[in-house]
Amino acid sequence: MAILVVAEHDNTDLKDATHKTVTAAKQMGGDVDILVAGKNIKDVMAQAAKIDGVRHILGVDHDSLTRQLAEAMQAVIVPLMSEYDAVIAPDTTAHKNYMPRVAAKLDVMQISSITGVESADTFIRPIYAGNAMATVKSSDAKKVITVRTTAFDAAGEGGSADDKMLDAPAAPTTSQFVSEELTKSDRPELAAAKIVVSGGRGVGSAENFAIIESLADKLGAAVGASRAAVDAGYVPNDYQVGQTGKSVAPELYIAIGISGAIQHLAGMKDSKIIVAINKDEDAPIFQVADYGLVADLFKAVPELDAAL
Amino acid sequence: MKVLVPVKRVLDYNVKARVKADQSGVDLSNVKMSMNPFDEISVEEAVRMKEAGTATEAIVVSIGPAKAQETIRTALAIGMDRGIHVLTDEDLEPLAIAKILKAIVEAEDAQLVIAGKQAIDNDYGATGSMLAAMLDWPQGTFANTVETSGGSMTVKREVDGGLQTVKLTLPAVVTTDLRLNEPRYARLPDIMKAKKKTIDAKTPEDFGVDTTPRLKTVKVTEPAGRSAGVIVENVEELVASLKKEGVI
Ligand SMILES: Cc1cc2nc3c(=O)[nH]c(=O)nc-3n(C[C@H](O)[C@H](O)[C@H](O)COP(=O)(O)OP(=O)(O)OC[C@H]3O[C@@H](n4cnc5c(N)ncnc54)[C@H](O)[C@@H]3O)c2cc1C
Ligand SMILES: Cc1cc2nc3c(=O)[nH]c(=O)nc-3n(C[C@H](O)[C@H](O)[C@H](O)COP(=O)(O)OP(=O)(O)OC[C@H]3O[C@@H](n4cnc5c(N)ncnc54)[C@H](O)[C@@H]3O)c2cc1C
């Protein structure tokens, strides 16, 4: 069996999500290759070649792939699939965007956001905001899979895969990149951080979020948020943790002024230690927290910050 | 421009799903069902396009059991013009749903499809992009803002790093994210009026689509539980506990 892993990268750095996806691929068994599609990707390919247990690194370098738009990614991957039994990618927005297109073109049903590999054709995936775990067996000849990376350990380094460059297919013309507004931050990436400090509606305003950020910086943590905090404009959309935002599973998750709705819990309940700070002792977040502090956050958070 | 909005009837987002004792699935008997929240956002967007004059007709489609008609009526009450109900008691996979939608898009000659980015029950997040690929149309997924001008559409998308804007040549598929708009509530007179709007009754067979599932559900189980820990008295106790755990 041959499996194609699609790399998560920004044309400069290979992301850890790739290493985790490789682990899932290895659990399926067979040869694992990594596809790096982008622009000026030499460095990314070199980083990918170091991942342990990978056979080949395939590179496709073209202007049309700079932003990895869905239509262009589909055009690269679909023809490659004559050589592979499965294609597998992290379930980040970059890959969620084009993987269903690949599945549709191959006439197979995508298996989304798996958290476990039972065998080469049977996978575990959360449904209903993680309130149920479905084990599904695919009868399709080729598998198209996205991976909930928080559920897999990163593959190690020490490999020395060979690499080859492939020609880029004709660029699609119906979709064009216009611009992007990326959130700038020196903090660790939310999905990969060891500690996450999240704020909710209880924080009250964008200005007040400074106390959450200050605590995060003290801890070297990433900052997250509930949907309510994002909707209210306290923080940008990419901070949202939950069923319809990002999934995180850090060593320590601190939820501040967050009630603990099922949609929020879906994105953080696999964290190792959960701390909740909330003034309402009946808030559902306390039912999943290892350590709960019933307190006014405007008093407790600065105190915690000072105590560290 | 004709706009098509597919809507799904799902377990209400406020209800916690319960796994059946025989592990065959989630218990959906006697629980509140509602329109998938992302689909409410799609309906709102389509109705706004009609109000703005960019859409000439807005059609709502649901594929599901007889009760899916209620979901279609809700969309009609918000302002969609007419409905199409494809009756099936099976829980179809996004691949089959997308094939049926493709047939409807072609029959109706729709120029724009606005779907939800994911259904909150099965969370596949696949239907919209699958449909786009089947039609060879461009897509703007996770839409935060959309703007049509002439034959193209600009979509600002919610991505992991922030926001990305793409320009699509119509026809296209858009999938909605939470911040695209705030759906309105249907007013009573509109609910009454919606009762008179037409809903075409169809079946998957009408479209010649093979809906045989590709995934077999082996079992559905409860997730590993998490139990409540301790309530600490104050910040000092919290810091001491976290130090003991070795996480700070
Ligand atoms: C389709 C859909 C998808 C969704 N997806 C997500 C998702 O991905 N992620 C997500 O988070 N939500 C999601 N939600 C929203 C979710 O249902 C909740 O509405 C949301 O999580 C609530 O956010 P919150 O806890 O910040 O706000 P609230 O529920 O309003 O809670 C605020 C909390 O702050 C506490 N508080 C207030 N003031 C103070 C103070 N001074 N000191 C201490 N505590 C204080 C209150 O006691 C309260 O518990 C989704 C909803 C829908 C319908
Ligand atoms: C316990 C369980 C068991 C299952 N067993 C099976 C099985 O044995 N066989 C099988 O084939 N499938 C099975 N499924 C799969 C499931 O029914 C389908 O995957 C699901 O109906 C479509 O996936 P989704 O809603 O997550 O799609 P998404 O791709 O997340 O939906 C996105 C958007 O697509 C549109 N859309 C989706 N569905 C419809 C619809 N019905 N009508 C109109 N628009 C729609 C909406 O705009 C929606 O917002 C099972 C699911 C569960 C939870």
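**Close-up 1. An open sheet of 10 strands takes in strands from chain A and chain B.** In this predicted model, the strand order is β11(A)-β9(B)-β8(B)-β7(B)-β10(B)-β6(B)-β1(B)-β4(B)-β5(B)-β11(B), and the pairing is mixed. If that word is new to you, here is some background: strands of a sheet pair through backbone hydrogen bonds, either parallel or antiparallel. Look for the edge strands next: they are β11 (175–182) of chain A and β11 (199–202) of chain B, and each of them pairs on one side only. On average, neighbouring strands of the sheet are turned by 25 degrees against each other, with direction ignored.

**Close-up 2. Strand β5 of chain B pairs with β11(B).** Zoom in on residues 82–87 of chain B, which form β5. This strand and β11(B) run in the parallel sense and are joined over four bridges.

**Close-up 3. Helices α5 and α8 of chain A pack against each other.** Two packed helices are described by the angle between their axes and the distance between the axes. Here, α5 (residues 209–219) and α8 (residues 297–307) of chain A meet at an angle of about 25 degrees, and their axes are 10 Å apart. That angle makes α5(A) roughly parallel to α8(A). The crossing of α5(A) past α8(A) is left-handed. On the α5(A) side, the contact is made by I211(A), S214(A), L215(A) and K218(A), while α8(A) brings V301(A), P302(A), L304(A) and D305(A). Sorted by class, this contact has five nonpolar, one polar and two charged residues.

**Close-up 4. Ligand 1 lies between chains A and B.** How many residues surround ligand 1? There are 30, and the closest are G200(A), G202(A), R227(A), G242(A) and S259(A). Helix α8 of chain A turns up again here: together with α6 (227–231) and α7 (262–265) of chain A, it is one of the elements that give two or more residues to the shell around ligand 1. The largest share, three residues, comes from α6(A). By class, the shell around ligand 1 has 11 nonpolar, 14 polar and five charged residues.

Technical notes:
Residues are numbered from 1 along each chain as its sequence is written. Chains are lettered from A and ligands numbered from 1 in the order in which they are written. This is a predicted model: local features need pLDDT of at least 70, side-chain atom pairs count only at pLDDT 80 or more; totals for chains, interfaces and linings use all residues. Axes are lines fitted to C-alpha atoms, for helices over the stretch in contact, and angles run from 0 to 180 degrees between N-to-C directions. Angles under 35 degrees count as roughly parallel, over 145 as roughly antiparallel, 65 to 115 as roughly perpendicular and the rest as oblique. A crossing is left-handed if the near helix is turned anticlockwise from the far one by less than a right angle, and right-handed if clockwise. Two residues are in contact if their C-beta atoms, placed from the backbone, lie within 7 Å. Ala, Val, Leu, Ile, Met, Phe, Trp, Tyr, Cys and Pro count as nonpolar, Asp, Glu, Lys and Arg as charged, and the others, Gly among them, as polar. Two strands pair if DSSP finds at least two bridges between them. A residue is near a molecule or strand if its C-beta atom, placed from the backbone, lies within 6 Å of it.
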